[in-house]
Amino acid sequence: MTHPYADLPPQAFWRSGVADADPAALDGIYQPAFPLGDDARIATAGSCFAQHISRALQGAGMQVLDVEPAPNTEAPELARSFNYGVYSARYGNIYTTRQLLQLLQDSETGHVELAEIWQRDGRFFDAQRPNIEPVGFVSVDEAILLRQAHLAAVQRLFRMATHLIFTLGLVECWFDQETGRVMPLAPGVVAGEYDPGRYSLRRLGFAEVLHDLQQMRQHLHRHNPSLRLILTVSPVPLTATATGQHVLPATTNAKAILRAAAGEFADSHEDVDYFPSYEIVTNPAARGRFYMPNSRDVTQQGVDAVTTTFLRAHGLTGGAGPAVATATSDDAATDLVCEEILLEAHRK
Amino acid sequence: MTPRNVLLIGNSHTVAARIALQENPRRWPGYEFDVLALPPASFPKLAIQDDVLCPTSEDAQQHMQRHNGIPDLPLAGYDAFVVIGDPAFSAVAQLQNDARSFDFPSVQAEGAERLVSTAYMDAMIRTRIANSAALKIVRLLAGYGRGPVLLVDAALPSLDSRHDPEGLRHYIDMVARGDAVSFRKRYLRILTGVLAKHARLVPQPASTIVEDAFTAPEWMRGSFMLGPRQDRLHEEREYRHANPAYGALQLDAVVEALARS
């Protein structure tokens, strides 16, 4: 007598696939839909966790594009504090699908929204990347000019990339009712003024995220039809929620939406892949060891589990253990550039 | 009381002052000057131990002996310290060759290929200055705390370089674009800020500056090289080092600054 489960591999069963397996090296958890060849030109974007993936790829010798590099290499720490080399362009963290879609649209039109230049103490901040300049710009004109230069660089990036790895982080964003645009942080957190009559919280639902992903793909393929997309979901919980919910169900809700939309989207397109960062880190068999004591930031062990799984699946590590250990076990999260944490810092 | 026992310490730009002192020792009555010259790479390898300035690496020991004929230098007799020759404006100006910020006149007029923010440009200049060999020795001497520390910046390139820009192309181009004046003001503002806690800046004598960006050739032609022999002239196409006549002006400015300290 046989049945559909009789010949399934060990990873199809919870006990052999998860409970009795090494959480840092789960067999068969990721089978790439397409290869990352030596000639791949990779763009990275997404929420804070995406920085780990970007570094791992660089460490493995892959060509991670950087269309806005620092002008020189003599002060790497300074360059990093101005967000040079963090992602493939100086867009900072892109937490939502809507934010990335908007960026792609802006990069095609060169559109700069004047209302998105925020002021604080005589300095000016780009609301779409509020942490990109630690002390802000000296004038509105400078902020606009540098945003225009950034948009031109983003356009170049997505026309030359062969792959985009996008880490989905949040579904909550701030909506400007006058312009119809979203922002990663509410006005007033880093700069600008919060007007509750104008700005409101927007929580993207499954259908909206899926629609954004479809629009993004269309945009990307308009000028670069062979571009492939690798989606992953950040395992980092929300710092805070403005929905009125408890932050735990708000996190579960957000991650469920992102995970489901990414999976659905990847299943529907041969040129889109899903990589399970979220699953690797939140695996209950890891018994919490992939999270720091604050139960939010991911430990270096967790980062290594994710990046090693990805690199090995693409044949990039040569089986030599963790390909990239860029930080000690305690500082995996602290050296990330992450605006979201400002919500906690600015708490009354 | 005005400090009068002065140690001049620096790189190859100390040679002009050293020869000026030899040629005209009576020009600065009441002042005693000693000159210690080392290649810039040796500055981070100096330490002060028991009032003695000591080289802490083999290379620095060799340079100390080769250029000064001494293994180390007791500091107890000095009551003022003057660092000469670095960070030169012409070297810091290399930064604007790779990228420029919105406040550059050329950017306002024509835009720029590589644009950075004003804050980032300021930060790059600040970092370049703070990491210079001169600032390392300035901090060391300021920490020693036995007298005022002055920084004498290197002279601007000779006007002669404009017709022979090899090696100074970035500088000549900056001048041609109309960016030199504002960039130098910016450099001096940031340099003064970086020095603030440690030392005072002795600026280049205004009478030697032409076209706001160059040193008049009469203060540059006939400069001498750093080395065990002191009579070796730089080649004619060397446009960064000043001659002993300029060295004398530098010492005049140092004496004036010390009198005010």
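Residues 24 or more positions apart make up 74% of the contacts in chain B that have a separation of 6 or more, a contact being heavy atoms within 4.5 Å. The model is a predicted one, in which local features need pLDDT of at least 70 and side-chain atom pairs count only at pLDDT 80 or more, whereas totals for chains, interfaces and linings use all residues. Residues are numbered from 1 along each chain as its sequence is written, chains are lettered from A in the order in which they are written, and side-chain values use heavy atoms, with hydrogens and water left out.

Chain B holds 10 helices and 12 strands, which are DSSP runs, of H or I over at least four residues for helices and of E over at least two for strands, numbered from the N terminus. Its radius of gyration, taken over C-alpha atoms, is 18 Å, close to the 18 Å from the globule rule (2.2 Å times the number of residues to the power 0.38) for 261 residues, so chain B is as compact as a globular protein of that length. Along the principal axes, the C-alpha trace of chain B spans about 55 × 40 × 35 Å.

Of the 261 residues of chain B, 57% count as buried, meaning under 20% relative accessible area with a 1.4 Å probe and protein chains only. One residue of this chain, B:Cys54, is buried with a relative accessible area of 13%.

Turning to cysteines, the count of disulfides over all chains is 0, where a disulfide is a pair of cysteine sulfur atoms within 2.5 Å. A:Cys173 is in no disulfide, and the nearest cysteine sulfur, that of A:Cys48, lies 16 Å away; A:Cys173 is itself buried, at a relative accessible area of 1%.

Note on methods
Buried < 20%, exposed > 50% of the residue type's maximum accessible area, 1.4 Å probe, protein only.
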